[in-house]
Amino acid sequence: MYPGQDCLRPRRILCSNRGFTVKKETKKKIQIVSAGLFLVYLICLTYFLFFAESLGRSYAEREYTYNLHLFKEIARFWNYREELGMAAVLANIVGNVVCFVPFGAFLPVLNRKARNFFMILTLSFEFSLLVECTQLISKVGSFDVDDLFLNTLGGVIGFFIFTVCNRMRRKHYG
């Protein structure tokens, strides 16, 4: 080895106690791509929650609508599934869960402090509460505790997906 050769080597950082290393540049690229995808996710979520006219989102004269009884709307959708159709039931119930899965999956990638079940549970609930309060105040959509529950569940499912993928990555590479 000659002088200055060591500065040409890519820097590596320790990622686990087993000695697995990841290039610092690779980690930075993952962070940048994840931040970009998270931003795209937030923009799409905002559009679908507040502006998508096909989902009944409009700023016409509306009254404040809200549901403060847990599982009331879920039960109503399920009881009237024949009249509403399964597509509407799935769009409401499964859609509220699925729309928050990326939230719980991206946050632990973007911030190491978010690699904690209770942190994701809290952040998912708080973000969902922000969305529901905004819908109530703007009279677009409605404030629904069932949505709070389903959205939080989606965030937690996203966190478990991240956890499984992260463990598989560590097992495979280190």
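**Reading rings, helix packing and backbone angles**

Student: How many aromatic pairs does the count come to?

Tutor: In this predicted model, where rings are taken to pair if their centres lie within 6.5 Å, the count comes to 12 aromatic pairs. One of them joins Phe38 and Tyr41, whose ring centres are 5.9 Å apart with 35 degrees between the planes, and this pair is tilted.

Student: Where do Phe38 and Tyr41 lie, and is Phe38 buried or exposed?

Tutor: Both belong to helix H1, residues 24-50, and they are 3 residues apart, about one turn of the helix. Burial is read from the relative accessible area, with under 20% as the cut-off; Phe38 is therefore buried at 12%, and Tyr41, at 11%, likewise counts as buried. A further pair, Tyr47 with Phe48, is edge-to-face, at 5.2 Å centre to centre and 70 degrees between the planes. Tyr47, with 41% relative accessibility, counts as partly exposed, and so does Phe48, with 44%.

Student: Which residues do ring pairs link into a cluster?

Tutor: The cluster consists of Phe38, Tyr41, Phe100, Phe103, Phe106 and Phe127.

Student: At what angle do helix H4 and helix H7 pack?

Tutor: Helix H4 (residues 86-98) meets helix H7 (residues 145-173) at about 45 degrees, and their axes are 6 Å apart. On the H4 side the contact is made by Asn92, Ile93, Asn96 and Val97, while H7 contributes Asp147, Leu150, Asn151, Leu153, Gly154 and Ile157. Sorted by class, this contact has 5 nonpolar, 4 polar and 1 charged residues.

Student: Which residue other than glycine has a positive phi near 60 degrees?

Tutor: That is Lys139, found in the loop between helix H6 (117-138) and strand E4 (143-144); with a relative accessible area of 27%, Lys139 is partly exposed. Phe71 is not a glycine either, although its phi is positive at about 75 degrees. Phe71 sits in the loop between strand E3 (66-67) and helix H2 (72-79), and its relative accessible area of 40% makes Phe71 partly exposed.

Student: What is the mean pLDDT of the chain, and over which residues is the pLDDT below 50?

Tutor: The mean pLDDT is 86, with 82% of the residues reaching 70 or more. Over residues 12-17, however, the value is below 50, and this stretch has 16 contacts in the model beyond near neighbours in sequence. Where pLDDT is low, predicted coordinates should not be read in detail.

Technical notes. Residues numbered from 1 in each chain as written. Predicted model: local features only at pLDDT ≥ 70, side-chain atom pairs only at ≥ 80, totals over all residues. Heavy atoms only, no water. Axes fitted to C-alpha atoms, helices over the stretch in contact; angles between N-to-C directions. Helix = DSSP H or I, 4+ residues; strand = E, 2+ residues; numbered from the N terminus. Contact = heavy atoms within 4.5 Å. Nonpolar A, V, L, I, M, F, W, Y, C, P; charged D, E, K, R; others polar. Buried < 20%, exposed > 50% of the residue type's maximum accessible area, 1.4 Å probe, protein only. pLDDT = per-residue confidence, 0-100. Phe/Tyr/Trp six-rings, centres within 6.5 Å; stacked < 30°, edge-to-face > 60°.
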